[in-house]
Amino acid sequence: MADFKELVFSGVQPTGNLHLGNYLGAIRRFVQLQESRDCIYCVVDLHAITATLHQPDLRAQTREVTAAFLAAGIDPKRHIVFNQSQVPQHAELAWIFNCVARIGWLNRMTQFKEKAGKDRENASVGLYDYPCLMASDILVYRATHVPVGEDQKQHLELTRDIAQKFNNDFAAEIAERGFGDAFFPLTEPLIGGPAARVMSLRDGTKKMSKSDASDNSRINLTDDAEAIAQKIRKAKTDAEPLPSEEAGLAKRPEAENLVGIYAGLADTARADVLAEFGNAQFSRFKSALVDLAVAKLGPIGQEMSRLMADPGHIDAVLGDGAERAGAIAERTMAEVKDVVGLIRR
Ligand code: AQP
C-alpha cells in the first residue's frame with residue numbers, strides 16, 4: 001500500500017445541544033491528538049441538514065460547535081478548523097462516491113435505520129446517503145485517522161470499503177498517473193477510552209444524544225454548574241452500592257455509564273475509579289462526579305459563551321480554515337477527475 005502522510009480528520013454536526021458524549025467521545029480526543037499529529041476538524045453543516053433541511057438556528061449552531069472546539073483547546077492556527085459547506089469539493093467527491101458505493105452497503109447502515117425509524121419512505125435521500133458524504137469529508141484530505149465515538153464505527157468501515165473499491169476499480173489509471181498502488185488510504189478509526197459511548201442519564205441502554213427529547217438525559221456543554229449538578233443528582237441508578245471490580249458493572253448500565261463518565265473526565269481507567277469508589281453509595285459517588293464535571297466542563301462552557309458573543313471572530317476562524325482546507329481538497333478533486341476521466345478546466 002502506498003505511503004500516506006499521517007493526518008487526522010473528524011467532524012461534528014451543528015445540530016444543537018452539544019453534549020458530554022460529543023465531548024468525551026470526540027472533542028476531547030481531538031484536543032489530545034493535536035499535540036502529536038496534523039489535524040483537520042470540521043463542523044459538518046451539510047450533514048446537519050440531512051435529517052431536517054429547514055433549521056432556523058443552523059448558523060448559530062455552527063458557531064456554537066466552532067466555539068466548543070476552540071474552548072476545549074483546539075488551536076486553529078496550528079491545525080485547520082472550518083465548516084464543511086465552505087469547501088464545495090466535499091459534496092463534489094460525494095457524488096463520485098455515490099457511484100462507487102453499492103446500495104447493499106448503504107442498506108446495512110444501522111444509523112440510517114435508527115434515524116429513519118418506521119417512517120423510512122419519508123426519510124430524505126440525504127439521510128440515506130450520509131455515509132458517502134462522510135467518506136468524502138475524510139478522503140478529500142486523504143486522512144489516515146479519524147477519532148470518533150463508537151456509534152460511527154460502521155460509517156468508518158464503509159469509508160474504507162469505498163476507498164478500497166475506488167483503488168481497485170481505477171488501479172491502472174492510479175498507477176499510470178504516478179499514485180502507486182493506492183489513491184486513497186484505508187482510514188483507521190480511533191475509538192476508545194473509558195467513554196467511547198456515553199449513555200443517556202435517564203436510561204443507561206440509550207446513547208446520550210442531541211435529539212433526545214429530555215434535556216435531563218444529557219449534560220450540555222453550555223450547562224452551568226447548577227444544571228450539571230441537578231442532572232447528575234437526578235441521573236438514574238440502581239439500589240446497590242458501586243462494585244469494586246469492573247466485572248461487577250455487568251448488567252448495571254446506569255452504574256457503568258456514570259463510572260465511564262467519571263473515568264473519561266478524570267482521564268483515568270474505570271478500574272481506578274472503582275478502586276476509589278468500590279462499595280460507595282451512589283450519593284457519595286454522584287457528589288464527587290458533580291465536583292469533577294463542574295471543574296472540567298464549567299470553564300469550557302464559560303469560554304464558549306465568551307466566544308459566541310463575538311460571531312465575527314468565529315466566522316474569521318472558519319473562513320481562514322476553509323481557505324486552507326479548500327487548497328488541499330481542490331488538489332485532490334482535480335486528481336480524482338483525472339483518474340476517473342472527467343475533463344477539467
Ligand atoms: N453518546 C456519545 N458517546 C460518545 N461519543 C458520541 N458522539 C456522539 N454521541 C456520543 C460522537 O460525537 C461526534 C460528533 O457527533 P455528531 O454530532 O456528528 O453526530 P451524532 O453521533 O449523531 O451525535 P448525536 O448527539 O447522537 O446526535 P443525534 O441526536 O442527532 O443523533 C462523533 O464522533 C460521535 O461518534
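## Overall dimensions

Along the principal axes, the C-alpha atoms fill a box of roughly 65 × 45 × 45 Å.

This is a predicted model, in which local features need pLDDT of at least 70 and side-chain atom pairs count only at pLDDT 80 or more, while totals for chains, interfaces and linings use all residues. Residues are numbered from 1 along each chain as its sequence is written, and side-chain values use heavy atoms, with hydrogens and water left out.

## Secondary structure and ligand shell

The protein contains 14 helices and five strands, defined as DSSP runs (helices H or I, at least four residues; strands E, at least two) numbered from the N terminus.

The ligand is surrounded by 21 residues, of which D151, K207, S209, K210 and S211 are the closest; a residue is near if one of its heavy atoms lies within 4 Å. At least two shell residues come from each of β1 (8-12) and α1 (20-33), and α1 supplies the largest share, four residues.

Polar contacts are pairs of N or O atoms within 3.5 Å. Ligand oxygen atoms lie 2.4 Å from a polar side-chain atom of S209, 2.5 Å from a side-chain N or O atom of D151 and 3.0 Å from one of K115. The protein covers 95% of the 640 Å² of accessible area that the ligand has on its own (Shrake-Rupley method, 1.4 Å probe).

Terms used. Polar contact = N/O pair within 3.5 Å; in protein donor to acceptor, adjacent residues only side chain to side chain.
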